[in-house]
Amino acid sequence: TEQPNGGADANAGNDRMEGCFRTVDPVLPVPFNEGFGADVFPPEGWSYVHFNPNNYMSRNGTTGGFGNSTGCLKMDNYSGQMDITGQMDYLLMPRVDLSTAPVGSTLEFAVAYRQYNSTSAERLMVKASTDCGDNWMTLYDLEGADLSTGTPTTGAFTPTAAQWRTDVVDISAVIGISDVLFMFQTESNFGNNVYLDDIAIASIVGVDE
């Protein structure tokens, strides 16, 4: 800057502004899957938005979905003394091209969660955007007992192979669109940990019973 307000600059220290931005990788084709096998988090092409340096999402390297691997995503809602009720964390998938995805394609993932007690209610949402994140539609929203895959426990939860469930998300609202961004959003109740694994977009072929 030069001559602010037509005069000498009395404070050159405020002449610079710094910020940050994220670049988004090219749109990926389907089928798509992520099993958190690599040590790096977030996985390549994914974006993680969080604000708490103490309670956050990370890769858990000791257990995986249904005991089939040693890697998964963990949202820590348990650690520390600070009440993080209401804290939001956002994990964005790479953009995917669903223009050629057949009718019946779904978003699937493995989830594991136990409440801290019968009233604690961690929340998990899956959202989709077709305008690069300006607007979001909620496709999946479970919390508390509805999200739970086991009985409540006051200890820090790490799932066994039997404490996982596969959930299927209806993505028919975005089938046929060439640039779709999916997001996993968690809301903490300062209760217990939530785990995700084996996130996939696949086509289901079959007939109703």
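Is Gly 65 buried or exposed? Gly 65 is buried, with a relative accessible area of 0%, where buried means under 20%, exposed over 50% and partly exposed in between (1.4 Å probe, protein chains only).

The model is predicted, so local features need pLDDT of at least 70 and side-chain atom pairs count only at pLDDT 80 or more, whereas totals for chains, interfaces and linings use all residues. Residues are numbered from 1 along each chain as its sequence is written, and side-chain values use heavy atoms, with hydrogens and water left out.

Gly 65 sits in the loop joining β3 (57-60) to β4 (72-75); strands are DSSP runs (E, at least two residues), numbered from the N terminus. Beyond its neighbours within four places in sequence, Gly 65 is in contact (heavy atoms within 4.5 Å) with Trp 164, Asp 197 and Asp 198. Phe 41, in the loop between β1 (32-34) and β2 (47-49), is partly exposed, with a relative accessible area of 21%.

| C-alpha pair | Residues apart along the chain | Separation |
|---|---|---|
| Gly 65 and Asp 197 | 132 residues | 5.5 Å |
| Phe 41 and Ala 161 | 120 residues | 22 Å |

A nonpolar core is a set of buried Ala, Val, Leu, Ile, Met, Phe, Trp, Tyr and Cys residues joined through side-chain atoms within 4.5 Å. The largest has 31 residues, and Phe 109 is one of those touching the most other members. Elements that give two or more residues to this core include β6 (105-113) and β10 (181-187). Apart from it lies another core of 6 residues, among them Cys 72 and Tyr 195. Contacts of Phe 109 outside its sequence neighbourhood of four places include Phe 184, Asp 197 and Asp 198.

How values were computed
Helices (H or I, at least four residues) and strands (E, at least two) are DSSP runs, numbered from the N terminus.
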